[in-house]
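The sequence and the structure come first, and the description follows.

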Amino acid sequence: MVLAIIKLIVIHNRRASEKLVKTGDAVRMREVMEQALRNPLIRVGCRTERASGCPVPAEWVTRGKPGPVVLYLHGGGYVVGSPGTHRPLVASILKKTGGRALVVDYRLAPEHPYPAQRDDACAAYRWLLESGVSPSGIAVMGDSAGGGLGLAMVQELRRAGVPLPSGCV
């Protein structure tokens, strides 16, 4: 049943993405969202830096002492959104959890149809493991489409026999 629902969501997102390509709205939607939500003034107590070595574009958002790692997947229907647009939300999460978040800048549709987004998320997770982060020290989080992407990523990791994170929210 869950797989059937995920397939319906993927089909719906593909159709929506194809419509945006035909009208040329996807790029404009990204520009508007980036201008409206990108805030270089991250909340006090957090800092950002590029995640060098990660096989996909990503940034670290860190608050306080090292602690658990949140692998954060932004929302936006796989069409819009970025680490920059979601910094305030990630900073709020870290205010409660401490530690740090790896925010993945996964490839966007319609230029990169699904499963490119899932593949990027899996690559970032595997990189965390290869970097020495224990699966029990990783929580996957996402908003909207990012939440669904987190579930799709965990299913793919399970299918591949990769050790799973401590949780997915």
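What pattern of helices and strands does the protein chain follow when read along the sequence? The pattern is α-α-β-β-β-α-β-α-β-α-β, made of five helices and six strands. Helices (H or I, at least four residues) and strands (E, at least two) are DSSP runs, numbered from the N terminus. The model is a predicted one, in which local features need pLDDT of at least 70 and side-chain atom pairs count only at pLDDT 80 or more, while totals for chains, interfaces and linings use all residues. Residues are numbered from 1 along each chain as its sequence is written, and side-chain values use heavy atoms, with hydrogens and water left out.

**The chain as a whole**

Of the 169 residues in the protein chain, 43% are buried. Buried means under 20% relative accessible area, exposed means over 50%, and partly exposed is in between (1.4 Å probe, protein chains only). Among contacts between residues at least 6 apart in sequence, 74% join residues at least 24 apart. A contact means heavy atoms within 4.5 Å.

**The sheet**

Strands of a sheet pair through backbone hydrogen bonds, either parallel or antiparallel. Here six strands form an open sheet with mixed pairing, in the order β1-β2-β4-β3-β5-β6. Its edge strands, β1 (46-50) and β6 (167-168), each pair on one side only. Two strands count as paired if DSSP finds at least two bridges between them. The table lists pairings in this sheet.

| Strands | Sense | Bridges |
|---|---|---|
| β2 (residues 58-63) and β4 (residues 99-104) | antiparallel | six bridges |
| β3 and β4 | parallel | five bridges |
| β3 and β5 (residues 138-142) | parallel | five bridges |
| β5 and β6 | parallel | two bridges |

Individual residues show how the strands line up. A101 in β4 has V61 opposite it, and V70 also stands opposite A101. In β5, G142 is the bridge partner of L73, and V140 stands opposite C168 in β6.

Strand β3 (residues 69-73) is mostly covered, with five of its five residues buried. In a regular strand the side chains alternate between the two faces of the sheet. In β3, V69, L71 and L73 point one way, whereas V70 and Y72 point the other way, and all are buried.

A58 is found in strand β2. It counts as buried because its relative accessibility is 10%. A58 and V104 are 46 residues apart along the chain, yet their C-alpha atoms are separated by 4.3 Å. Leaving aside residues up to four places away in sequence, A58 touches R50, A51, L102, V103, V104 and D105.

**Helices**

Two packed helices are described by the angle between their axes and the distance between the axes. Helix α4 (residues 116-130) packs against helix α5 (residues 145-160) at an angle of about 65°, with the axes 9 Å apart. That angle makes α4 roughly perpendicular to α5, a term for angles of 65 to 115 degrees; those under 35 degrees count as roughly parallel, over 145 as roughly antiparallel, and the rest as oblique. Axes are lines fitted to C-alpha atoms, for helices over the stretch in contact, and angles run from 0 to 180 degrees between N-to-C directions.

Which residues of α4 and α5 make the contact? On α4 they are Q117, R118, A121, C122, Y125 and R126, and on α5 they are L149, A152, M153, E156, L157 and A160.

A116 also lies in helix α4. With a relative accessible area of 9%, A116 is buried.

E31 is in helix α2 (residues 25-37). Its relative accessibility is 39%, so E31 counts as partly exposed. Between the C-alpha atoms of E31 and V80, which are 49 residues apart along the chain, the separation is 8.7 Å.

**Backbone in the loops**

Most residues other than glycine have a negative phi, and most peptide bonds are trans. The peptide bond from A109 to P110 is cis, with omega near 5°. Another cis bond runs from Y114 to P115, with omega near 20°. P110 is found in the loop between β4 and α4, and P115 is found in the loop between β4 and α4.

Y78, in the loop between β3 and α3 (87-97), has a positive phi near 65°. Y78 is buried, at 9% relative accessible area. S144, in the loop between β5 and α5, has a positive phi of about 55° although it is not a glycine. S144 is exposed, with a relative accessible area of 63%.
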